[in-house]
Amino acid sequence: MLTPVVNDAFAFGRIAAANALSDIYAMGGEPWSAMNVAFFPPALAEDDPEGLLTSILRGGLDAMNEAGAVLAGGHTVQDEELKYGLAVTGVIDPEHLARNDGLRPGQVLLLTKPLGTGVLSTAVKAGWDGAAASEANLVRWCGRLNSVGGTVIRELRLSAATDITGFGLGGHALEMALASHVCVRLVATALPLLPRALEYARDGLIPAGSHRNRTHCACRTRTAQAVDEALESLAFDAQTSGGLLLAVPPDQVEAARALLLGGGDLAAVVGEVLPPRPDGIALLLE
């Protein structure tokens, strides 16, 4: 479930649907069916001359159609705050699925979308300089399905992956590291960023959720002194419909990158999986 991250109703509907569908792709599955779940303010439910509700649902259906999922109805609730999302069912081969606890030392970490959606969304809501271009970048990347990454998981039979959403890259990477009993190293300068994300972060346009992510992860994270503070914040930026973080064996990295780039995704090498550390640190940002 999401509250609007962009001003365009159709784009918001598509982004919210893409965000929900990502959980299926992150395991290597394929979406099968989906149900709309929508919360509408009473005034909007009674009088919607601009057709905002219709546009939101059309945007969600557009993403579902691209994913090949069947819309199987839905549920609406009157609420003071507008929210929309999907309950999604997918199909997967249980013998070959990517898990949060599947990291192994030596694996290379690939990221399929740039970071900074939380910061850009804050700038858009604030009407900051460059807000229109930033909203266009949110529409482009947040509305993009993670289907290509899901195909890579299936074809290469990757053991571990996750989609990057509310906990940010750092939070999700730490979650995987703890579940897998390993240490994850992220290279700060290798992190792909949306245009103006670093500039906005330096302006202080960092959402509260991103601050909470960084604080929550601090006790199991070590950040090198040379890492720019704004860049560290972006590593924990709360993402909406972010990319997939794929753990790839070294001998499959080029094959994975070719599949991702060929499908229009990013294929940024952002880190690696290391053996567990005796000091309990499970995430290095260097």
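# Chat about a predicted model

User: Where does His181 lie?
Analyst: His181 sits in the loop that joins helix H7 (168-180) to strand S6 (183-186). Keep in mind that this is a predicted model.

User: Is His181 buried or exposed?
Analyst: His181 counts as exposed, at 62% relative accessibility.

User: And what is its phi near?
Analyst: Phi of His181 is near 60 degrees, which is a positive value in a residue other than glycine. Arg157 is another non-glycine residue with a positive phi, about 55 degrees.

User: Where is Arg157 found?
Analyst: Arg157 is in the loop between helix H6 (147-156) and strand S5 (160-163). Arg157 is exposed too, with a relative accessible area of 55%.

User: Let's step back. How many helices and strands are in the chain?
Analyst: The chain has eleven helices and ten strands. Its radius of gyration is 19 Å, close to the 19 Å that the globule rule gives for 286 residues, so the chain is as compact as a globular protein of that length.

User: What does the C-alpha trace span along its principal axes?
Analyst: The C-alpha trace spans about 60 × 45 × 30 Å.

User: And how much of the chain counts as buried?
Analyst: Of the 286 residues, 53% count as buried. The accessible surface of the chain comes to about 12400 Å², and 54% of that belongs to carbon and sulfur atoms.

User: What share of the contacts comes from residues 24 or more positions apart?
Analyst: Among contacts in the chain with a separation of 6 or more, 88% are between residues 24 or more positions apart.

User: On to the sheet. What is the strand order?
Analyst: An open sheet of seven strands runs S5-S8-S4-S9-S6-S10-S7, with mixed pairing. S5 and strand S7 (221-223) are at the edges and have a single partner strand each, so one side of each has no neighbour in the sheet. From one strand to the next, the twist averages 20 degrees.

User: What holds paired strands together in general?
Analyst: Strands of a sheet pair through backbone hydrogen bonds, in either a parallel or an antiparallel way.

User: In which sense do S4 and S9 pair?
Analyst: Strand S4 (residues 108-111) and strand S9 (residues 268-274) pair in the antiparallel sense, over four bridges. Leu111 has Ala268 in S9 as its bridge partner.

User: Which helix packs on the sheet there, touching S4 and S9?
Analyst: Helix H11 (residues 253-262) packs on the sheet and touches S4, strand S8 (244-248) and S9. The direction of H11 makes about 5 degrees with that of S4.

User: New topic: how many salt bridges does the structure hold?
Analyst: The structure holds 15 salt bridges. One of them joins Asp265 and Arg144, whose closest N and O atoms are 2.7 Å apart. Asp265 is in the loop between H11 and S9, and Arg144 is in the loop between H5 and H6, so the pair ties together parts that are 121 residues apart in sequence.

User: Is Asp265 buried or exposed?
Analyst: Asp265 counts as buried, at 4% relative accessibility. Arg144 counts as partly exposed, at 24%.

User: What about Arg185, which residue does it meet in a salt bridge?
Analyst: The side chain of Arg185 meets that of Glu286, at 2.8 Å from N to O. Arg185 lies in strand S6 and Glu286 in the segment after strand S10 (283-285), so this pair links parts that are 101 residues apart in sequence. Arg185 counts as partly exposed at 24% relative accessibility, and Glu286 is partly exposed at 31%.

User: And what does Arg277 form a salt bridge with?
Analyst: Arg277 forms a salt bridge with Asp279, with the closest N and O atoms 2.6 Å apart. Arg277 counts as partly exposed at 26%, and Asp279 is partly exposed at 47%.

Terms used
Residues are numbered from 1 along each chain as its sequence is written. This is a predicted model: local features need pLDDT of at least 70, side-chain atom pairs count only at pLDDT 80 or more; totals for chains, interfaces and linings use all residues. Side-chain values use heavy atoms; hydrogens and water are left out. Helices (H or I, at least four residues) and strands (E, at least two) are DSSP runs, numbered from the N terminus. Buried means under 20% relative accessible area, exposed over 50%, partly exposed in between (1.4 Å probe, protein chains only). Two strands pair if DSSP finds at least two bridges between them. Axes are lines fitted to C-alpha atoms, for helices over the stretch in contact, and angles run from 0 to 180 degrees between N-to-C directions. Contact means heavy atoms within 4.5 Å. The radius of gyration is taken over C-alpha atoms; the globule rule is 2.2 Å times the number of residues to the power 0.38. Accessible areas come from the Shrake-Rupley method with a 1.4 Å probe; for residues, only the protein chains shown count as cover. A salt bridge is a side-chain nitrogen of Lys or Arg within 4 Å of a carboxyl oxygen of Asp or Glu.
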